[in-house]
Structures are given as structure tokens and as C-alpha cells.
Amino acid sequence: MNFKGRDVISIKDFSREEILHVLDVAERMLPIAEGKEKSDLLHGYIMASLFFEPSTRTRLSFEAAMKRLGGNVIGFARPGTTSLKKGETMADTIRTAESYCDVIVMRHPQEGSARLAADFASVPIINGGDGAGHHPTQCLLDLFTIKREKGKIEGNSVALIGDLKYGRTVHSLAYALALFGIDMKFISPPELQMPKEVVEECREMGVEINIENSLDDIGDMDVLYVTRIQKERFPDPEEYSRVAGSYRIDRKLLEKAKKDVTIMHPLPRVDEISPELDSTPNAAYFRQTFNGVPVRMALLALVLGVVE
Amino acid sequence: MKELRVQPIKDGTVIDHIPPGNALKVLHILGMERNLPESVISIAINVKGKRGKKDIVKIENRELDTQEVNKIALIAPNATINIIRNYEVVEKHRVKVPDELVGIVKCGNPNCISNGREPVESRFIVKSREPLRIKCYYCEREPEDISSQII
Ligand SMILES: Nc1ncnc2c1ncn2[C@@H]1O[C@H](COP(=O)(O)OP(=O)(O)OP(=O)(O)O)[C@@H](O)[C@H]1O
Ligand SMILES: [Mg+2]
Ligand SMILES: [Zn+2]
């Protein structure tokens, strides 16, 4: 398996074996990610972190990943400080940046931007989110979290909950879980249902999909993956409150769930998960956030060809 | 007897069986307006053929590469490309939708990077020919009405 020089644009660019390999490498990175071991694996390498759209978690965890491995980071956290403001195309920004670095991590508000950047750059491009498009490193860290919380990915049943229509992470995640043969429930308000192409694709991959509108029936789920329902999606604020309220995970709901149910959330959360759950062993969302670091370390080391 | 609506040409290319009224669009897709070839081009619109009306385009002294002409398959799926040498048809190909459509269909997603100011042409991957299904190389969306999005 060779990752050297590869772009990471969409989770669909990876086979199941390749995903498992990335997760294995991430596992090995854990002590370094936790700061317990020091590393200079990427000493002398430079990562350009180009955030054409601001982000907290993705940017910080990529930069932490690179620095934990002894590498350097250049870049910008918002486009305001760059010559893009002066009308430079993204393609030119990419061509400029690549002459100063060994790998580019980027986030951009438009769909397809990472694919386009990859065509212009000869250094590897890692997509940190392209508009409503892909966010493959989020998907990998979600899989890594399931693997760590449950011991393995296969054999779990997963409910994806909340805004399944616009939430970009759930589309890639549904695909990736289907790749691992995982049966899923898609639980959302009717107006925010999983797009039918995604549902069809999962079914074609041979997994069982149940589409539901309430949290009544989550008693046999191993993982609840919760996403934010955004206010902007509802013209009427009262309608929003009513809908959002009925997809909220709290202590009462937890009583109906499996005792060892894992609760995940890509964060930031607003009201979807009651803070009273934060201290339960079921709440995996902060560990999930941490998992972004070892997974991104693994990807950086792999595409730079320092680890095979 | 050969049907020769316009003057016979000695050498060149005849694009036949274009749906009536689409000859100009065909020339547009082939980019003939942007960089006019030196050769003479004749256009016949609403010619009565054996199977109803059709348009025909004849280009003198240029043998169009089938690959290149395949782009017109989107609007003229039954067109044939006839290569003429010394007044005779020496080659005939039916057009076929190519594997990729570059600069022909505009992506309908306003937030697609191909609709911005980047130095790239629109690009679609052909997923299936019958029925015709295409997907934007950049944002991966599938247009619902392809013909309305032809550039
Ligand atoms: N020398 C020529 N100059 C101009 N046009 C020509 C010449 N020879 C043939 N054509 C045109 O090229 C097209 C194809 O010619 P061909 O003789 O193969 O006709 P056909 O047998 O009717 O073919 P098809 O079955 O494809 O309609 C016709 O439209 C014909 O008028
Ligand atoms: Mg004929
Ligand atoms: Zn597009």
C-alpha cells in the first residue's frame, strides 16, 4: 500500500483496506498525539495550512499533528490576510504555496475546490472541507473513534441523527460505514432527510437502512452519531425550536439506550446533546475531537512517504 | 442518386443527421465561431432526408477528428461524421458521447468551484450513456436537464 504523494480529497478515494491501514498508523501515533512521547518523524517538512474559510478544530488539529511530529507549519487561518483579497485565483495561491511546502491542507467554501487544487499542485493536497462537498479527515477520525470506543468497526449498528440533508460529514460517513457492512438508522426531521442518492448507494452496497423520524427506537443501537440542526434551515424560529427539541439527546433518552452506547458528535454542538451527559462514559465526543490529531498525523506521515 | 443539397466538396468533412435547427449549435460546440477555420463551411438547415428533416454541415479541406467531434453527441446523438476524399465518402462514424465533457456543459451548482474565476473549464464525467448521466468532476453534482446547461 503506497500513500506517498497521494491527495486526500474524498473518502471514496480509499478502499476499506486503505482506511484500515490509516487507522492502524493512527493507533501507533497515539502516544505522540497525547504528548507522552516526542517525535521528529516529520522534522524538516513544511505543511501549508490554507484556510480560505475559517475553522477551529480542523485547522488546530492539523497544525498540532504536524508540530507533534516535529514538522513546521505555514499558512493562513482566513482569506482576509492574503492576496486572494486582491483578486488572486485559488489556483495561483495554491501554486505559490506549493513552492514553499511539502504538503497542503486546505479548507475552502466552494465544492470541488480541493479537487481543483490537486490538479494544480504537485505536492499532496489534503481536503479539510470543501463547502458542502467532502471532509474525508473527519470521516476517518469518526471511524477511528468507533474503532477505539468499540474495539472494531464491523458489527456495530449506528444511528445517524439530526440534519442528514445538509450535514456534509454524515454523507461521507454513511458511505464509509456501508463499506464496513454496517446497518444504519437515519433519524431526522422529514425536511432534513438523508438525500436519496446516499440512501440508495448504501443499500446497493448491501447494508440495511432504516429511515425514521424520532428517537423512540434507538434501544439496540451501538453508536448514536448526532449532528447539529441549524436554525437557518427553518424559516420559522418556533418551528426550529420544536424540531430541534425533539432530536435532543439527554439523560432520559440515555435510559432507553444500550448501556454501553457510544455518543458521537462532530462538534460544535448547540443543544443537541445535553451537557449533563458530558461526564458519562457514553459521551465520546471530546475523545472524538482528540482523535483528529492521531488520524491527521497518520495521513501526513503517509502522504509524505515517511511512513508506509 | 446521391443527395447533394449543397455543392459537392472534394475533400473535407460532412456532419450529417443533425436534428433540424441545430447546425449552428453544432458549430458553436465545435468552437468554429471562436476560431474560424480558413476553409469554407456550408450549412444546410431543414434538409428533407429519408427520415424527415435534418441539418447538415460541410467543412472543406479539414478532416475532423472523431474524438473531437464526439462532443456534439449531446445535441446530435444520431449525427454521422463523413470524411470525404476526392468527392467520395471514405470514412463514416456515428458520434458517441465521450467519456468526459470539457467546456461543453456548465455546472448548475452556483457554489461549484468551476463556476468561479479559476482558470479551468467546466468538466463532466459521463457515468452512463443510455440514459445519459453525467457528473461534475469538481462538485460531483448531476445536472437534471443537461441540454439547458450547454454552454
Ligand atoms: N463529395 C461530397 N461533397 C459534399 N457532401 C457529400 C459528398 N459526398 C457525400 N456527401 C454527403 O455526406 C453525407 C453522407 O454521404 P453518403 O453517400 O454516405 O450518404 P448515405 O448513404 O445517405 O449515408 P447515411 O446512411 O449516413 O445517410 C450525405 O449527406 C451526402 O450528401
Ligand atoms: Mg443519407
Ligand atoms: Zn460542479
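Predicted model: local features only at pLDDT ≥ 70, side-chain atom pairs only at ≥ 80, totals over all residues.
1. Residues are numbered from 1 along each chain as its sequence is written, while chains are lettered from A and ligands numbered from 1 in the order in which they are written.

2. Next, look at where the domains meet: 18 residues of domain 1 of chain A are in contact with 19 residues of domain 2 of chain A. Contact here says that the C-beta atoms of two residues, placed from the backbone, lie within 7 Å. On the domain 1 side, helix 1 (16–33), strand 4 (125–130) and helix 10 of chain A each supply at least two residues. Helices (H or I, at least four residues) and strands (E, at least two) are DSSP runs, numbered from the N terminus. By class, that side of domain 1 of chain A has 9 nonpolar, 5 polar and 4 charged residues. In this scheme Ala, Val, Leu, Ile, Met, Phe, Trp, Tyr, Cys and Pro count as nonpolar, Asp, Glu, Lys and Arg as charged, and the others, Gly among them, as polar.

3. How do helix 5 (residues 136–150) and helix 10 (residues 285–303) of chain A cross, and at what angle? Their axes come within 8 Å and cross at roughly 115°, which makes helix 5 of chain A roughly perpendicular to helix 10 of chain A. Axes are lines fitted to C-alpha atoms, for helices over the stretch in contact, with angles running from 0 to 180 degrees between N-to-C directions; 65 to 115 degrees counts as roughly perpendicular, under 35 as roughly parallel, over 145 as roughly antiparallel and the rest as oblique. Among the residues making the contact are A:Leu140, A:Phe144 and A:Arg148 of helix 5 of chain A and A:Asn291, A:Val295 and A:Leu299 of helix 10 of chain A. The residues of this contact divide into 5 nonpolar, 5 polar and 4 charged.

4. Turning to the two chains together, 11 residues of chain A are in contact with 14 residues of chain B. Helix 3 (90–98) and helix 4 (113–120) of chain A each supply at least two residues of the chain A side, and helix 4 of chain A gives the most, with 3 residues. That side of chain A has 3 nonpolar, 6 polar and 2 charged residues.

5. Do visit ligand 1, which is surrounded by 15 residues, the closest being B:Pro8, B:Ile9, B:Val14, B:Asp16 and B:Tyr87. A residue is near a molecule if its C-beta atom, placed from the backbone, lies within 6 Å of it. Strand 4 of chain B gives the most to this shell, with 3 residues. The shell divides into 8 nonpolar, 2 polar and 5 charged residues.

6. Finally, some backbone details. A cis peptide bond joins A:Leu267 and A:Pro268, with omega about 0°, and A:Pro268 is found in the loop between strand 9 (262–264) and helix 10 of chain A. Another cis peptide bond joins B:Glu130 and B:Pro131; B:Pro131 lies in the loop between strand 7 (123–128) and strand 8 (133–136) of chain B.
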